[in-house]
Amino acid sequence: MSAGSNGDGYREARSVPRAPSPAAPRPRPHRSTSNDYAALAVAAGDTEEDIDQAEEEAEDSSGPASGPLWPLLPVLVAQAALSWRLIHSNTAFLDEGTYLYSGHQELANLIYGDKVATYETFFSGSPKLYPVLAAVADRLGGLAGARTLSLVFMLLATVALYLAARRIHGATAAFFATALFAALGPTQFLGGYSTYDAMALAALAWAGYFAVRFACGTGHGAMVAGSLLVSLAVWTKYASLLWVPIVVLIAALAGPGRSVLGRSRWNNGVRFAAGVAVAVLLPIPLAGKLYIHGFTQTTLLRNPGHDAPSYVAGEAAKWVGALLVVALVGVFASYLRGRRRGSGGTDFWLAAVLLLGGVLAPANQIRIHTWLSLQKHVDFGAWFACVVAGALLAWIAEWLHSTVRLPVLIAVALVTVLVAGPLGVEGERQATHMFGAWPDSSKLVAALKPYIHSGTDQYLAEDYDVPAYYLRRSSTWPQWHDLVGGGQYQDPKTGVKYTGTEGIEQGITAHKYAVIVLDYAQTRSIDEQVRPFIDKAGYRKLTTIRTSNSATSGSYTIWVAPEGP
C-alpha cells in the first residue's frame, strides 16, 4: 500500500490536477453525510478551487477507510507479549495499591453505601471511574487481573492509532506507527501497570481517531463520540487536558481540502471544540466542590518541583527522544511533499500539530520542574507523534520499493528491523527497569498479616496503601495512617489536640498504634524524628525486612505495641 494513500484514495486526489472545463458549472450533487465538507465550504465562503478540491476528496473519503487490518495483528501480539511479562514480575507499586484500595472502597460505597474516604479531594482523576473498574478486575483476577485491564486499554490505544494513521496516510504508515508505539518502553510499562493512565490514554486515542473521522466527513456521530471520549479521558486523568487542543486541531486539519485557512476546515474545528467543551464541562455541577478542589490542587495549581530543566529533558529524551527525532524529520518530509504536490500546506501543519502533541508532556514538566510521572505522560504524546513517524517510515519503504526495486514486503521488513527493532530492544530494557523501581512487598505483607485485624486497632505505616490493599479483608481503611500528612491525637485527659509530626509522637507515646512500619524512604526525616519515641514508648521490634531487586533496595522495620495498659 502506498504511503500516500489512506486506502480510499483521497490523498492521491491531491496530486491529480483537474483540467478546467469550458462547460457551464456542473450542479453539485447532494450528499447524505451530515458533515458534507463541500457543502460546508460553500456556506463558509471558501474559494471555488478549494470547494472543488474538497468535494472531490470528500467523495473518496466519506466512506470507511479501506486497507488491510492484518498488519496490526503481529503488532498487537508483540505488544501484548512485551507487557504480559511484566504483569507477574513485581508486587503492587504504591500508586497501584492506592487506586485499587480506593476502588474497593468506592465499589462498596456504590453497592452497599459504605463510608468512603474523600479521594476526590486529592486524586488527579475521578475515583469513581478507573478505580472502580480496576477493583472489579481485581476481584476477578487479583492484581494480575487489574494489570491485564491496563493491557487491554493499551492494546485499544494501539488499534485506534492504526485506524487513525491508516485513514490519514494509509495502511503501511499505520503499521509503522503502531510498531513504533508498541516498541516504546513507556507503552510496555503502562500495559502492565494498574493505574488510570492506560484507561485515559485509550480514551484519548479513540477521541483522536474519531476526530480524524469527523474531519474526513463521516458525520456528527464521530463528533459526538470524539467529544464523549475526550471527556472520559479528562475525568479519568485530569492531565489529559493537555492534549485536548491537539485533538481539536486534528478535527480541523485532518480533513480534505488544499487551504489550511479555509473557513470550512476551521468550522469543523470550532464545532468539534464546542462538543468537547460541553462534554467536559457538563459533569462539573454533578461532581461538586470536592472535585474542583482536587482538580485545582493536583493539576491546575500543582506545586512545582525542584528538578532542573536539563534533567527533565534528559529523562524524556531517554524514553521518547528517538521517536521525536523521527517525527521531526517526518514533519520536514511532509512540508517537502506538500510543496511538490501543491497541497497547500495542510499535510505539513497536521504533522506539526501531531509533533507538538509529542513534546507537550516534556515541555510542561520542564515548566513545573518535575520528572514525576514523566515516564507515563510522554506516552500520551507519543501516540500523536507516532502518526508522523509512521508516515515517514512508509515513505522510506515506498522509496526503497520504487527506486531501489526492493519487493514491498522486504522494504517494509527492512525498515521495521532497522528502526522499530532497536527501539523495541531498548524499550524492553526500560520497561523492565521501571517495573523494578520499587521493592517487593510480599515479605512485608506476610510479616504484618498475623497482627492486622478488623476492629479498633490503629496502624501507622509509611505509604500504607500497599499493605492495606493486600490486607483489605482483615482491616478497614480508617484503621490505617501514614506519615506523609502527619498524625492527629487528642489527649483524653486534657483534651489538647496535637497534629502533624507532634500528633504522631503523642500517639506513639500513648500506644495509639498497634503496629508501626518505617522504611526511611519518602518521609525519612519524619521517620528519624519519631524513632526515639517508638523506643521510649516500649514498642517491640518485630523484624527488619530487607528488599532488593535489579533497580532498587531498601528495608522495612516493624514494631508492635507492648501488651497491656
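Helices (H or I, at least four residues) and strands (E, at least two) are DSSP runs, numbered from the N terminus. With that settled, Arg-405 sits in the loop between helix 16 and helix 17, and the chain as a whole has 21 helices and seven strands. This is a predicted model, so local features need pLDDT of at least 70 and side-chain atom pairs count only at pLDDT 80 or more, while totals for chains, interfaces and linings use all residues. Residues are numbered from 1 along each chain as its sequence is written, and side-chain values use heavy atoms, with hydrogens and water left out.

**The chain overall**

- Of the 565 residues, 54% count as buried; buried means under 20% relative accessible area, exposed means over 50%, and partly exposed is in between (1.4 Å probe, protein chains only).
- Take the contacts (heavy atoms within 4.5 Å) between residues at least 6 apart in sequence: 76% of them join residues at least 24 apart.

**Helix 8 against helix 16**

- The axes of helix 8 (residues 197-215) and helix 16 (residues 374-402) come within 10 Å and cross at roughly 15°. Axes here are lines fitted to C-alpha atoms, for helices over the stretch in contact, and angles run from 0 to 180 degrees between N-to-C directions.
- Helix 8 and helix 16 are therefore roughly parallel to each other. The cut-offs: angles under 35 degrees count as roughly parallel, over 145 as roughly antiparallel, 65 to 115 as roughly perpendicular, and the rest as oblique.
- Helix 8 passes helix 16 in a right-handed crossing. A crossing is right-handed if the near helix is turned clockwise from the far one by less than a right angle, and left-handed if anticlockwise.
- On the helix 8 side, the residues that meet helix 16 are Asp-197, Ala-200, Leu-201, Leu-204, Ala-205, Gly-208 and Tyr-209. Their partners in helix 16 are Lys-376, His-377, Asp-379, Phe-380, Trp-383 and Phe-384.
- The residues of this contact split into eight nonpolar, two polar and three charged. For the classes, Ala, Val, Leu, Ile, Met, Phe, Trp, Tyr, Cys and Pro count as nonpolar, Asp, Glu, Lys and Arg as charged, and the others, Gly among them, as polar.
- Ser-240 lies in the loop between helix 9 (220-236) and helix 10 (244-253), and at 0% relative accessibility Ser-240 counts as buried.
- Leaving aside residues up to four places away in sequence, Ser-240 touches Ala-200, Leu-204, Ala-233, Val-234 and Phe-380.

**Helix 20 against helix 21**

- The axes of helix 20 (residues 500-509) and helix 21 (residues 524-536) come within 9 Å and cross at roughly 25°. That makes helix 20 roughly parallel to helix 21.
- The crossing of these two helices is right-handed.
- Thr-501, Ile-504, Glu-505, Ile-508 and Thr-509 of helix 20 meet Ile-526, Gln-529, Val-530, Phe-533 and Ile-534 of helix 21. Sorted by class, the contact residues are six nonpolar, three polar and one charged.

**Aromatic pairs**

- Rings of Phe, Tyr and Trp (its six-membered ring) pair if their centres lie within 6.5 Å; planes under 30 degrees apart count as stacked, over 60 as edge-to-face and the rest as tilted. By this rule the count comes to 27 aromatic pairs.
- Phe-189 and Phe-435 make an edge-to-face pair, 5.5 Å centre to centre with 70° between the planes. Phe-189 is in helix 7 (residues 185-190) and Phe-435 in helix 17 (residues 408-435), so the pair ties together parts that are 246 residues apart in sequence.
- Phe-189 counts as buried at 2% relative accessibility, and Phe-435 is buried with a relative accessible area of 2%.
- The rings of Trp-206 and Phe-210 have centres 6.3 Å apart and planes at 40°, so this pair is tilted. Both residues lie in helix 8, four residues apart, about one turn of the helix.
- Ring pairs also link Phe-93, Phe-189, Tyr-193, Phe-435 and Trp-438 into a cluster.

**Loop residues to look at**

- Gln-479 is in the loop between helix 19 (465-470) and strand 2 (480-481), and Gln-479 is buried, with a relative accessible area of 1%.
- The C-alpha atoms of Gln-479 and Gln-458 are separated by 4.7 Å, with the two residues 21 apart along the chain.
- Most residues other than glycine have a negative phi.
- Arg-405 has a positive phi, near 70°, and at 68% relative accessibility Arg-405 counts as exposed.
- Asp-463, in the loop between strand 1 (458-461) and helix 19, has a positive phi of about 55°. Asp-463 is buried, with a relative accessible area of 18%.
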